[in-house]
Amino acid sequence: KKRNFYDESIQTLNILLDLYPDTTSAPTYMRKIVENYELAGDKEKSTAMRSGFIAIYGPGSSWLNQQKDQAIRKDVLDTSADYLYFLGTEAQATAQAEKSRDQYELAISRYKKFLNLFPESERAGKVWFYLAESLFDVDQYAAAADSYYELLLRYPESEFLETASYNRILAYNELLAGATMSDSTNLYLNNFLGLDPGRVDTILVAEAAQAQFLQASNDFAIYLKDSLKRPEVLMKFAENLYVLGEYSLAKQTYNQVIENPATNGSLPQAYTMIAQCEFKQENYEASEYWFQKLIDLHPDSSRYVVKANTMIASAKFKVAEDFLARGDTLQAAREFEKIVESAREQEIAEKALFEAALLYEDSRDRNKAALLYESLPRQFPGSELIDKALFKAGILREELQQWNQSAANFLAVFDHDPASQFAANSLYFAARNFENAGDYKNARNYFERYTTIYKDDPDRFLEAAFKKGEIAYNQRDLKTALRDFD
């Protein structure tokens, strides 16, 4: 061996093993054979000899059972543990490099054997972790999660505690993603977020993996308070609680995200989701508070700010609708008016304005309703509700016998869109209200325009034609009247 004649050294050692297989030095000869194969660069044979060593001299072997000397037994067992640990990590490293499922399975087999033979080894904690990682990499997520959990239970001081706790959650998340929802079941979650050791929350989950995911997330939140991964875990934990309709628990979880000094990019979403939880619980004022807080603290988070503005308006809508449900139409109308003033989104604001006008109309405050309808084109010049709003304003002004204002509203409908569904009636009603106001010149002019443009309604056409003739007759323009009547 010293002269690098490794083959000859191995041959000599094998002769010794053949001659003296039961000697206490036999394991030493085998170890030297392993060393020679290593030095010769024959990895395959050195691996085979390590496996052979464990089989011949390791736990349960007849050779070991014959040995009474505790020092010899310990030495051989230590070597067996070293070799088995090496074989497992070697297979796992090969599996990772070559993406080989067979090598992963080999590593898993060797790690399980190690834990079975050497459960008290100082390396057992590492082996539990490596086993879990190998199982995860071959998509055996349930077994991986169990192995991570064994590590957490057996070795709470392990250097892999944080990673194992986090990867356990990932394993359950993978199971959850691939699960088909089965019968629902109750999860009894102890000491939620570590807030109260005596507390037990009952959560109805749709699938076992969901319960396991929630439990793993709660464990992480309790035992790894200083982890940089905690905000991420809490966000996913809260998301699942929200989906399950556990809004109070979700709010508490999102609050812990906000209070965590390691939180960075998750803050806007956390504020948003607390507000969403309040909204789901019909706490609309609280929902508005949290959305406004998001806008104030994170004005540059455009995506969330847009969402917040929309939801603030929605919360205000809900407040108004609550008044309406209680029969307080006037207060509901006032709440909708407030939305118009505060809403950032045009679509929401114009809808609120129209709702307010409708409610004032229902409350018989026709003047207030008409004013709101008339303001819509000024505030929202691109709105699709302009024709309808102005037409309703014209009707209300007519009911109030405010003939000129009514006529002006009807003409505005016609001028805005002559093809509108309201245009024909609007032109006719404008002429009628000019007549009511004593403005016969405009009245006759618009009756004339009506008969020129709109001929689809025979009754209305004849009435307009008669009206313009009647006006001419009353003004003693008999020739014009005769022509109109003809």
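Is Asp-486 buried or exposed? Asp-486 is exposed, at a relative accessible area of 75%; exposed means over 50%, buried under 20%, and partly exposed in between, with a 1.4 Å probe and protein chains only.

## Basis of the model

This is a predicted model, in which local features need pLDDT of at least 70 and side-chain atom pairs count only at pLDDT 80 or more, while totals for chains, interfaces and linings use all residues. Residues are numbered from 1 along each chain as its sequence is written, and side-chain values use heavy atoms, with hydrogens and water left out.

## Helices H5 and H7

Helix H5 covers residues 70–98 and helix H7 covers residues 124–137. Helices (H or I, at least four residues) and strands (E, at least two) are DSSP runs, numbered from the N terminus. H5 and H7 pack at an angle of about 30°, and their axes are 11 Å apart. Axes are lines fitted to C-alpha atoms, for helices over the stretch in contact, and angles run from 0 to 180 degrees between N-to-C directions. The two helices are therefore roughly parallel to each other; angles under 35 degrees count as roughly parallel, over 145 as roughly antiparallel, 65 to 115 as roughly perpendicular and the rest as oblique.

The crossing of H5 and H7 is left-handed, a term used if the near helix is turned anticlockwise from the far one by less than a right angle, with clockwise giving right-handed. On the H5 side the contact (heavy atoms within 4.5 Å) is made by Tyr-85, Thr-89, Gln-92 and Gln-96. On the H7 side it is made by Lys-126, Val-127, Tyr-130, Glu-133, Ser-134 and Asp-137. By class, the contact of H5 with H7 has three nonpolar, four polar and three charged residues. Here Ala, Val, Leu, Ile, Met, Phe, Trp, Tyr, Cys and Pro count as nonpolar, Asp, Glu, Lys and Arg as charged, and the others, Gly among them, as polar.

## Gln-92

Gln-92 is found in helix H5 and is buried, with a relative accessible area of 7%. Leaving aside neighbours within four places in sequence, Gln-92 is in contact with Ala-107, Tyr-111, Tyr-130, Glu-133 and Ser-134. The C-alpha atoms of Gln-92 and Tyr-130 are separated by 8.2 Å, and the two residues are 38 residues apart along the chain.

## Nonpolar cores

A nonpolar core is a set of buried Ala, Val, Leu, Ile, Met, Phe, Trp, Tyr and Cys residues joined through side-chain atoms within 4.5 Å. The largest one has 86 residues, and those with the most contacts inside it are Tyr-57, Phe-114, Ile-203, Leu-214, Leu-241 and Tyr-254. H7 supplies the largest share of this core, nine residues.

Apart from neighbours within four places in sequence, Leu-241 is in contact with Phe-192, Ile-203, Leu-214, Glu-246, Leu-249, Ala-250 and Thr-253. A second, separate core has 43 residues, including Ala-357, Ala-393, Leu-396 and Phe-434.

## Helices H21 and H22

Helix H21 (residues 423–436) packs with helix H22 (residues 440–453) at an angle of about 155°, the axes being 7 Å apart. H21 and H22 are therefore roughly antiparallel to each other. Their crossing is left-handed.

In H21, the residues that meet H22 are Ala-424, Leu-427, Tyr-428, Ala-431, Arg-432, Phe-434 and Glu-435. Their partners in H22 are Tyr-440, Asn-442, Ala-443, Tyr-446, Phe-447, Arg-449, Tyr-450 and Ile-453. By class, this contact has 11 nonpolar, one polar and three charged residues.

## Positive phi values

Most residues other than glycine have a negative phi. Asn-4 has a positive phi, near 70°. Asn-4 lies in the segment before helix H1 (6–19) and is partly exposed, with a relative accessible area of 49%.

Asn-191 also has a positive phi, of about 55°, although it is not a glycine. Asn-191 is in the loop between strand E1 (185–190) and strand E2 (200–205) and is buried, with a relative accessible area of 16%.

Arg-476 is in the loop between helix H23 (458–474) and H24 and is exposed, with a relative accessible area of 57%. Arg-476 and Arg-326 are 150 residues apart in sequence and 59 Å apart in space, C-alpha to C-alpha.

Asp-486 is found in the segment after helix H24 (478–485). The C-alpha atoms of Asp-486 and Cys-277 are separated by 72 Å, with the two residues 209 residues apart along the chain.
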